[in-house]
Amino acid sequence: MREEQGIGRHFQNATKYHRDRMQGHRLRPRQAPPFSRHENPLSVLKLPEPETAGGMGLWEVVARRRSVRDFSPRPLSLPQLSQLLWATQGITATVGPHLLRACASAGALYPDETYVFANRVQGCAPGLWHYQVQDHSLAQLSAGDLGDQLAAACLHQEFCAEAAAVFAWAAVVERAAWKYHDRCYRYLYLDAGHLGGQLQLAACALGLGSVNIGAFFDDEVNQLLGLDGEEETALYLTAVGHPQ
Ligand SMILES: Cc1cc2nc3c(=O)[nH]c(=O)nc-3n(C[C@H](O)[C@H](O)[C@H](O)COP(=O)(O)O)c2cc1C
């Protein structure tokens with residue numbers, strides 16, 4: 001007897017490209033704005049300019065990268081946080097009207113927004129911050145240490161509270177659905193995977209430790225981020241800090 005088709009397999013089949021069924025070639029009439037901006041943030045923090053040359057060699061970084069789950073209480077510095085944000089979502093080229101970023105994104109649509117739970121970052125108050133890509137700054141969305149709540153929301157993975165900062169990526173679905181329709185869900189996750197991978201390499205190059213997080217209670221993380229989980233929804237997180 002054929003096993004009932006699970007939602008995962010159904011998704012994979014329903015989002016396949018076929019030569020005779022290329023829905024991705026029909027653009028929806030209205031494109032979502034490429035950047036999110038939060039109105040009335042508690043404060044805005046302009047980040048130090050990132051380094052764009054030098055640093056540890058790529059092969060050494062690749063050889064050294066390892067997931068780290070034991071973090072020391074030492075805080076991140078603001079230049080380190082700036083470097084990590086730039087290395088993932090920073091603008092690295094301008095082509096016509098398009099601002100291209102450090103990390104690849106399907107169709108250069110960049111649907112994944114970056115949030116930072118700052119537990120211990122020098123010069124950056126504890127709380128939730130949103131990365132404003134265009135001017136390399138952070139907008140503060142809430143004040144107070146959210147580490148314990150975040151750890152609980154991430155299946156009680158306590159390192160979320162012990163890490164100096166936890167990055168969270170959430171997809172603005174319409175930004176990619178405009179072009180890719182339901183297939184965009186594949187790309188939202190692929191984009192997020194690139195971000196998490198690149199963040200780990202950048203953290204390693206700075207002598208920091210990190211671990212990617214795919215295991216979390218979606219509704220709880222979305223609630224902490226202030227997201228509805230439909231129009232914009234959390235996909236992936238990475239905890240960063242000094243290794244113990
Ligand atoms: C998509 C994805 C999700 C992950 N989720 C978690 C997680 O929720 N908790 C955790 O401790 N590690 C998580 N990891 C880290 C993996 O366990 C780790 O990469 C793997 O054990 C290999 O070890 P390495 O990264 O040191 O090479 C995740 C990694 C990936 C790529």
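Helix α3 contributes the most to the lining of the largest pocket, giving six residues, and the structure described here is a predicted model.

**The largest pocket**
- The volume of the largest pocket is about 520 Å³, and the elements that each supply two or more residues to its lining are α2, α3 and α7 (184-205).
- Its lining is made up of 24 residues, and those lying nearest the centre of the pocket are G54, Q83, W86, A202 and A205.
- Sorted by class, the lining of the largest pocket comprises 14 nonpolar, eight polar and two charged residues.

**The surroundings of F71**
- F71 sits in the loop between α2 (58-64) and α3 (78-89), and with a relative accessible area of 5% this residue is buried.
- Although F71 and E162 are 91 residues apart along the chain, their C-alpha atoms are separated by 6.0 Å.
- Leaving aside residues up to four places away in sequence, F71 touches F159, E162, A163, G209, S210, A239, V240, G241, H242 and Q244.

**The cysteines**
- With a disulfide taken as a pair of cysteine sulfur atoms within 2.5 Å, the count for this model comes to zero disulfides.
- C103 takes part in no disulfide, the nearest cysteine sulfur being that of C204 at 16 Å, and C103 is buried, with a relative accessible area of 1%.
- The sulfur of C124 is too far from other cysteine sulfurs for a bond, because the closest one, in C160, is 17 Å away; C124 is also buried, with a relative accessible area of 6%.

Technical notes:
Residues are numbered from 1 along each chain as its sequence is written. This is a predicted model: local features need pLDDT of at least 70, side-chain atom pairs count only at pLDDT 80 or more; totals for chains, interfaces and linings use all residues. Side-chain values use heavy atoms; hydrogens and water are left out. Helices (H or I, at least four residues) and strands (E, at least two) are DSSP runs, numbered from the N terminus. Buried means under 20% relative accessible area, exposed over 50%, partly exposed in between (1.4 Å probe, protein chains only). Contact means heavy atoms within 4.5 Å. On a 1 Å grid over the protein atoms alone, a cavity is a set of points where a 1.4 Å probe fits but cannot get out, and a pocket is an open set with protein on both sides within 12 Å along at least five of seven lines; lining residues have an atom within 4 Å of a point. Grid points are joined across faces, edges and corners, and a volume is the space filled by probe spheres set on the points. Ala, Val, Leu, Ile, Met, Phe, Trp, Tyr, Cys and Pro count as nonpolar, Asp, Glu, Lys and Arg as charged, and the others, Gly among them, as polar.
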